[in-house]
Amino acid sequence: MYYYKNILVVSDNGFLIKAFHDLIAPLQGVQVTYTCSPQNTALLTATNLPVPIRAISMKADWEQFNYDLIFSLHCKQLFPAGLVNKTKCINVHPGFNPYNRGWFPQVFSILNGHTAGATIHEIDEQLDHGAIIAQREIKIEAYDTSLTAYEKIQQCEVELLRENLRNILFNTYTKTVPAQEGNVNLKKDFNKLTRLDLDEKLTMREAIDRLRALTHGEYKNAWFTDPTTQERIYISVNLEKQK
Ligand code: 0FX
């Protein structure tokens, strides 16, 4: 019988909710409740999810929780210290801890060359910081953008869950405390990157890296100001390897 049986999933990512459900649904004797942030109307009204999702406010609701294990699968909310000190909380994180902890890790890995990948770790009071249960590196190629790197990372997150879920539920996993603190990026660091100064001098490598790090599908990230009209002009790049 599993050690943890009453599980809360908090997620703002439909892809990971589906993947997690596919992995855990066949396991007998485990009760899972799926939740997302109250402002996530896209998930709360989604019709293509295999499980019902309800809104949860970690800050307001945590003292009433009666779960024995909590998974964060890309959750927009911070876990209160009181909760992480009381209940086992595990984070599936789209970065290779302790490098580029925090906001959009692959964006920063493209820029600073730190390892990119996925990590499953225990949550402690600091951001993306607790003991590591499993992690896997992805290689960022010269033709990757934030989006293509992120897609590889999400695949890794699912692989890691597949390989480690039973050990987590049986509480038989081993964990490692990272040897260093690494580095943390916040939303404001990402926002700062998005404003391009037309007079900034960069090597071509730096310029391409900056633009591909800010290219992520439909997101309007990098921008500069049109010197004539003062309008904001958004820019992304297309990279293609020779076939
Ligand atoms: O699931 P997720 O990767 O993000 C979620 C939470 O929204 C976020 O607050 C939390 N830090 C993270 C661990 O989990 O989805 P997302 O759509 O917010 O971001 C996915 C990628 O999309 C991100 O790595 C970079 C890109 N992106 C996202 C936004 C919102 C952009 O390039 N620009 C953006 O404005």
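1. The shell around the ligand holds five nonpolar, five polar and one charged residues. Here Ala, Val, Leu, Ile, Met, Phe, Trp, Tyr, Cys and Pro count as nonpolar, Asp, Glu, Lys and Arg as charged, and the others, Gly among them, as polar. The surrounding residues are N13, H74, K76, W103, F104, Q106, Y150, F190, H216, Y219 and N221.

2. A note on the basis. This is a predicted model, in which local features need pLDDT of at least 70 and side-chain atom pairs count only at pLDDT 80 or more, while totals for chains, interfaces and linings use all residues. Residues are numbered from 1 along each chain as its sequence is written, and side-chain values use heavy atoms, with hydrogens and water left out.

3. For K76 the distance is 2.6 Å. For H74 it is 2.8 Å. For N13 it is 2.9 Å. A polar contact is a pair of N or O atoms within 3.5 Å. On its own the ligand has 660 Å² of accessible area, and the protein covers 80% of that. Accessible areas come from the Shrake-Rupley method with a 1.4 Å probe.

4. Where does the ligand sit? The space taken by the ligand is the largest pocket. A pocket is found on a 1 Å grid over the protein atoms alone, as an open set of points where a 1.4 Å probe fits, with protein on both sides within 12 Å along at least five of seven lines. A molecule sits in a pocket if more than half of its atoms lie within 2 Å of its grid points.

5. Seven strands form an open sheet, ordered 3-2-1-4-5-7-8, with mixed pairing. Strand 3 (54-55) and strand 8 (132-138) are the edges, and each pairs on one side only. Strands are DSSP runs (E, at least two residues), numbered from the N terminus. Two strands pair if DSSP finds at least two bridges between them.

6. Strand 2 (residues 31-36) pairs with strand 3 in the parallel sense, over two bridges. T35 stands opposite R54 of strand 3.

7. Check the loop between strand 5 (88-93) and strand 6 (101-102), where P98 is found. The peptide bond from N97 to P98 is cis, with omega near 5°. N100 is also in the loop between strand 5 and strand 6. Phi of N100 is near 50°, a positive value in a residue other than glycine. Most residues other than glycine have a negative phi, and most peptide bonds are trans.

Technical notes
Near = heavy atom within 4 Å. Polar contact = N/O pair within 3.5 Å; in protein donor to acceptor, adjacent residues only side chain to side chain. 1 Å grid on protein atoms, 1.4 Å probe; cavity = no way out; pocket = protein on both sides within 12 Å on 5 of 7 lines; lining within 4 Å. Helix = DSSP H or I, 4+ residues; strand = E, 2+ residues; numbered from the N terminus.
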